[in-house]
Amino acid sequence: MHVLVHAATAVPFLLLGHPWGALGCVAPDVGWLRHECRLVSGGWRPDLYLGTLQESDLALYRFTHSLFLVVAVSFVSMSFALGMLVHILLDLPSHGGVCSHKPLWPLQWVWPKKLRMKGHQW
């Protein structure tokens, strides 16, 4: 899902006075930030860059998109955890290829291909 969509999902949290929930809506993508910087600074085509990634390169990304992390965070801030959950639920059907979500990471179960939107690779 595009970062602007995630930012838009933060607006209701802000309007309801839950800034931590708003932050949670964009926080899971901190695990992708390093790759985004490499993509932009290196002038990579996204499909070529994604082809260079190994599963070990995606560990932080997988961790920040894990429902286990959401559960752990909920003990500290339910609002932040709900924002993260919104983010992850939007990403599940919209990411494919190497970026297919493993919402139960570190377990290796992958969100089923048949439930993903057509044409999306990340």
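Ile 88 counts as buried, because its relative accessibility is 0% and buried means under 20% relative accessible area. The structure shown here is a predicted model, and a search of the whole of this structure finds three salt bridges.

**Around Ile 88**

- Ile 88 is found in helix α7, and when residues up to four places away in sequence are not counted, Ile 88 touches Thr 64, His 65, Ser 66, Leu 67 and Val 70.
- Ile 88 and His 101 are 13 residues apart along the chain, and their C-alpha atoms are separated by 8.7 Å.

- Side chains of opposite charge can pair when their charged atoms come close.
- Glu 55 forms a salt bridge with Arg 62, in which the closest N and O atoms are 2.7 Å apart.
- Arg 62 counts as buried, with a relative accessibility of 3%, whereas Glu 55 counts as partly exposed at 36%.
- Glu 55 also forms a salt bridge with Lys 102, and here the closest N and O atoms are 3.4 Å apart.
- Because Lys 102 lies in the segment after α7, while Glu 55 lies in the loop between α4 (46-52) and α5 (59-64), this pair ties together parts that are 47 residues apart in sequence.
- Lys 102 counts as buried, since its relative accessibility is 10% and the cut-off for buried is under 20%.

- The side chains of Arg 45 and Asp 47 meet in a salt bridge, with a distance of 2.7 Å from N to O.
- Arg 45 counts as partly exposed, at 49% relative accessibility, and Asp 47 is also partly exposed, with a relative accessible area of 47%.

- Phe 75 lies in the loop between α6 (67-74) and α7 (78-91).
- Phe 75 is exposed, because its relative accessible area is 73% and exposed means over 50%.

Technical notes:
Residues are numbered from 1 along each chain as its sequence is written. This is a predicted model: local features need pLDDT of at least 70, side-chain atom pairs count only at pLDDT 80 or more; totals for chains, interfaces and linings use all residues. Side-chain values use heavy atoms; hydrogens and water are left out. Helices (H or I, at least four residues) and strands (E, at least two) are DSSP runs, numbered from the N terminus. Buried means under 20% relative accessible area, exposed over 50%, partly exposed in between (1.4 Å probe, protein chains only). Contact means heavy atoms within 4.5 Å. A salt bridge is a side-chain nitrogen of Lys or Arg within 4 Å of a carboxyl oxygen of Asp or Glu.
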